[in-house]
Amino acid sequence: MKNIKAPPSDITYEKQLKAYQKRISNILESFTDAFFEVDSHWTVTYWNKQAEQMLMMPRKDIIGKNLWEVYAEAIPLKFYTEYHRAIAENTSVRFQEYFEPKKVWVEVAAFPSGEGLSVYFKDITAHKQATEQLEKEKQRYIDLFNLSPIPQWVYNQKTLVFLDVNEAAIKFYGYTRAQFLKMTIKDVRPLEDREVLQEVVIKTLHLGDINQSITRHCKKNGDLVYVSVESNAVWFEDIAACLVLVIDRTKQIMAEYALFSSEQRFKAMVQNGSDFIAIVDTEGMYKYLSPAAMTILGIDPEELLGKKIFDSIHPEDREELQREFHKIKKHAAIPPFRFKNKQGAYRWMETILTNMMDDPAVRGMVWNSRDITEDLENKRKISESIGRYNIVSKATSDVIWDWNMDTGSILWNKGIKEVFGYANIHTSQHWLLERIHPEDVKLVLAEFELLATNKKNRLKLEYRFRCADGTYKSVLDRSFIVFDTTGQPIRMIGSMQDITERINHLKAIESQNRQLREIAWIQSHEIRAPLSRVMGLVALLEAYSSDPVLKDYITHLKSSSEELDEVIRAIMKNAYPHTVAGGRK
């Protein structure tokens, strides 16, 4: 009986249960994952410290409460659907979800336990962000490859097959991506260059190795191009490959060839050109002179070599020219200066100065000069002519206009305002024609056309011109036209004189004369009618009268009538010189 133990009491079982629950609680609290449990009614029965920290929810505020009432914002998310699926299907679930209220990504593992659900979850925000960043970086590198403006491709080092090509390569070579991926890098080389490719370019590169070369490639359309190729060893989907960058050097190489050719032409042009070209050092010492030095200055180029260019410059221009010379960094036009020729006379020179000190083929300052003495003299004469024109324009009361027939623009002197009231001195051909009286414009255009057709220089005509206030003035326009070497009119200069008063005066005189003639006509006819009757009676009396005294009276009356008739005829003749037999033409 001593070996028989008494059954444990309820107190012992309770202690053991508490101890077991404590051990479970210690285990759950030691988890690095957040953990909670809910019963079949979704009431939270357990909430560990990690859950408190991650969701910032103290267990005292959540235990005993309905999970979905506390986290109603999680109902539309996977949390709700997956937890319910685990209960309904009695299966464990695992998923990832973003919980917006806490700004965290969580990875969740949930499984049924008893009549409830146990849930493990951990914060994977950092991992998720790192993964997203990694994907962005990966995409960035893919974009750098695909969107690069420089043609690039990846090929298998062993088989030479293209593994990938970017859009720039597709555009540059003209092949589609599908066509490229069926080709090798030999297929973009001309047939005659493929042996060189085999011997020189194709070699195994190790990671980090770089190979550079300039070679020829052939596009799909058959065009040959010179390219600079840079190859880097890379791993591409576990394949030893090469990343190739292709830079088109065709223009550069062709430009170098063209430069060589142009240098040859330049030498020929310099030797035979009309400009004075010299190369001097930084102190202005001659290093080269073109043969034009003899033509322009009468100086043998050999005589100037080793001398300074400034010694031939006019003393008044020398200091400023030296300042400009030392300021030139690249290319500039310098102010005209006077250069002494063989005879000791000074000629005006226009010069372009180019700094080519850095060019190993030149290493000097290049002077390109031309003689502008005659041009300056012509400009001086033109300036004097313009000055005289301005003086005449100011002195005369006439309206002077200058019509550029190439551009259609017309320049007026100040008379346009004083005579016609217009302030604008720059007008157009259309403006001029608009202000000529509608009844006169056709005549004016016809005269202009006739003048140009017959190649005559001078024109004189009268017409009416509208003033700024809408009234018209009569003008006498004297014009002079200038033709070019082909006979085309290019310029017309005119002087408009206001003759309105003279025209009005002439019209007044003409009107007065017309009235006088009408009066004379009326008076002469009114007097002549009774005179004719008197003369008829005199003739009858003369024929039938025999009384000597009466005949004497009749003779005297006849003489007076004839005298009066002569006076009337004289009046008619003076008033109407072209009347015939007493009537008008």
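In which loop is the place of Trp 42? Trp 42 sits in the loop between β1 (34–38) and β2 (44–47), where strands (E, at least two residues) and helices (H or I, at least four residues) are DSSP runs numbered from the N terminus. The structure is a predicted model, in which local features need pLDDT of at least 70 and side-chain atom pairs count only at pLDDT 80 or more, while totals for chains, interfaces and linings use all residues. Residues are numbered from 1 along each chain as its sequence is written, and side-chain values use heavy atoms, with hydrogens and water left out.

The chain has 18 helices and 21 strands. Of its 585 residues, 33% count as buried; buried means under 20% relative accessible area, exposed means over 50%, and partly exposed lies in between (1.4 Å probe, protein chains only). The accessible surface of the chain comes to about 37500 Å², and 55% of this belongs to carbon and sulfur atoms. Accessible areas come from the Shrake-Rupley method with a 1.4 Å probe, and for residues only the protein chains shown count as cover. Contact means heavy atoms within 4.5 Å. Among contacts in the chain between residues at least 6 apart in sequence, 40% join residues at least 24 apart.

Most residues other than glycine have a negative phi. Trp 42, although not a glycine, has a positive phi of about 65°. Trp 42 counts as buried because its relative accessible area is 12%. Lys 103 is not a glycine either, and its phi is positive, at about 55°. Lys 103 is found in the loop between β3 (93–99) and β4 (104–113).

Arg 338 lies in strand β13 (residues 331–340) and, with a relative accessible area of 18%, is buried. Its side chain makes a polar contact of 3.0 Å with the side chain of Glu 316. A polar contact is a pair of N or O atoms within 3.5 Å; within protein, one must be able to donate a hydrogen and the other to accept it, and residues adjacent in sequence count only if both atoms are side-chain atoms. When residues up to four places away in sequence are not counted, Arg 338 touches Ser 312, Ile 313, His 314, Glu 316, Asp 317, Tyr 346, Arg 347 and Trp 348.

Arg 347 and Trp 348 are also touched by Thr 373, again not counting residues up to four places away in sequence. Thr 373 is found in helix α13 (residues 373–395) and counts as buried because its relative accessibility is 18%. The side chains of Thr 373 and Arg 347 are joined by a polar contact of 3.5 Å. The side chain of Thr 373 also reaches the backbone nitrogen of Trp 348, at 2.8 Å.

Tyr 226, Met 254 and Tyr 257 make a nonpolar surface patch of about 330 Å². Patches are made of residues with over 30% relative accessible area and no salt bridge; like charges are joined within 9 Å and nonpolar side chains (Val, Leu, Ile, Met, Phe, Trp, Tyr) within 5 Å. A salt bridge is a side-chain nitrogen of Lys or Arg within 4 Å of a carboxyl oxygen of Asp or Glu. Met 254 is in helix α9 (residues 250–272) and is partly exposed, with a relative accessible area of 44%.

A search of the whole structure finds 0 disulfides, a disulfide being a pair of cysteine sulfur atoms within 2.5 Å. Cys 242 counts as buried at 0% relative accessibility, and Cys 467 is buried with a relative accessible area of 4%.
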